[in-house]
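Take a moment to look over the sequence and the 3D structure below.

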Amino acid sequence: MKRYSGKKISTAVFISGRGSNLQNLINFSYKKQSPIEIKFVFSNNKNAGGLKHAKNKKINTFCILNKKTSILENKLIELLNKKKIKLICLAGFMKILSRKFIKKFKGKIINIHPSLLPKYKGLDTHRRVLENKEIYTGCTVHHVNSKLDAGKIILQKKIKIFRNDNAKSLAKRVLLEEHKIYPKAILKIYS
Ligand code: GRF
């Protein structure tokens, strides 16, 4: 794959938990063909396991824990402006961003979701997919708009569900695909 020739895009990743997608994006950001540079990682949960991946790579981390969305977002907006962030990657970020916030960063926020959107928006996707006896599931990278998991789709990967799959085995197989399509979706946006 060819080297990314432009100036790397200042990127922030938002997480709330384990951070396997974050870790994957960090590794991707170091590749020559990657258009992104991760300037900081934000978490609304100070115990998010994923913070250690950023710390290990000496990437700045910020936690703002305020329960009041407007206070949290105002602090966050200040930080994003200060660091001149042009792309926000949500990676297991469990807080719903306000309309105001999304409008401010219009077209600059993307998310990964463990289903074939527009099916199975929201939480607990694998259990619902199995309950409905779906034959396929997958994952989606999409732009974020003010409706939950409803922004324009950038990239999807479909996988077959096996007869003996349970929510855990499915989550594991879908996650492997998530790690492939998130970088690919970023390459697609900036190609
Ligand atoms: C992933 O399944 C992602 O699609 C969803 O939350 C999970 C986060 O996993 N939005 P991780 O924290 O990236 O490991």
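In which loop does Pro118 lie? Pro118 is in the loop between strand 5 and helix 5 (125–131). Helices (H or I, at least four residues) and strands (E, at least two) are DSSP runs, numbered from the N terminus.

This is a predicted model, where local features need pLDDT of at least 70 and side-chain atom pairs count only at pLDDT 80 or more, while totals for chains, interfaces and linings use all residues. Residues are numbered from 1 along each chain as its sequence is written, and side-chain values use heavy atoms, with hydrogens and water left out.

Back to the backbone. Leu117 and Pro118 are joined by a cis peptide bond, with omega about 15 degrees. Lys58 has a positive phi, near 55 degrees, and is not a glycine. Lys58 lies in the loop between helix 2 (51–56) and strand 3 (60–63). Most residues other than glycine have a negative phi, and most peptide bonds are trans.

Now the whole chain. The protein chain has six helices and seven strands. From the N terminus on, their order is β-α-β-α-β-α-β-α-β-α-β-β-α. The radius of gyration is 16 Å, close to the 16 Å from the globule rule for 191 residues, so the chain is as compact as a globular protein of that length. This radius is taken over C-alpha atoms, and the rule is 2.2 Å times the number of residues to the power 0.38.

Next, the ligand. The residues around the ligand (a heavy atom within 4 Å) are Arg18, Gly19, Ser20, Asn21, Gly92, Ile112, His113, Pro114 and Glu178. By class, this shell has two nonpolar, five polar and two charged residues. Here Ala, Val, Leu, Ile, Met, Phe, Trp, Tyr, Cys and Pro count as nonpolar, Asp, Glu, Lys and Arg as charged, and the others, Gly among them, as polar.

Some atoms pair up. A polar side-chain atom of Glu178 lies 2.7 Å from a ligand oxygen. A polar backbone atom of Gly19 is 2.8 Å from an oxygen atom of the ligand. A backbone N or O atom of Ile112 lies 3.1 Å from a ligand nitrogen.

How values were computed. Polar contact = N/O pair within 3.5 Å; in protein donor to acceptor, adjacent residues only side chain to side chain.
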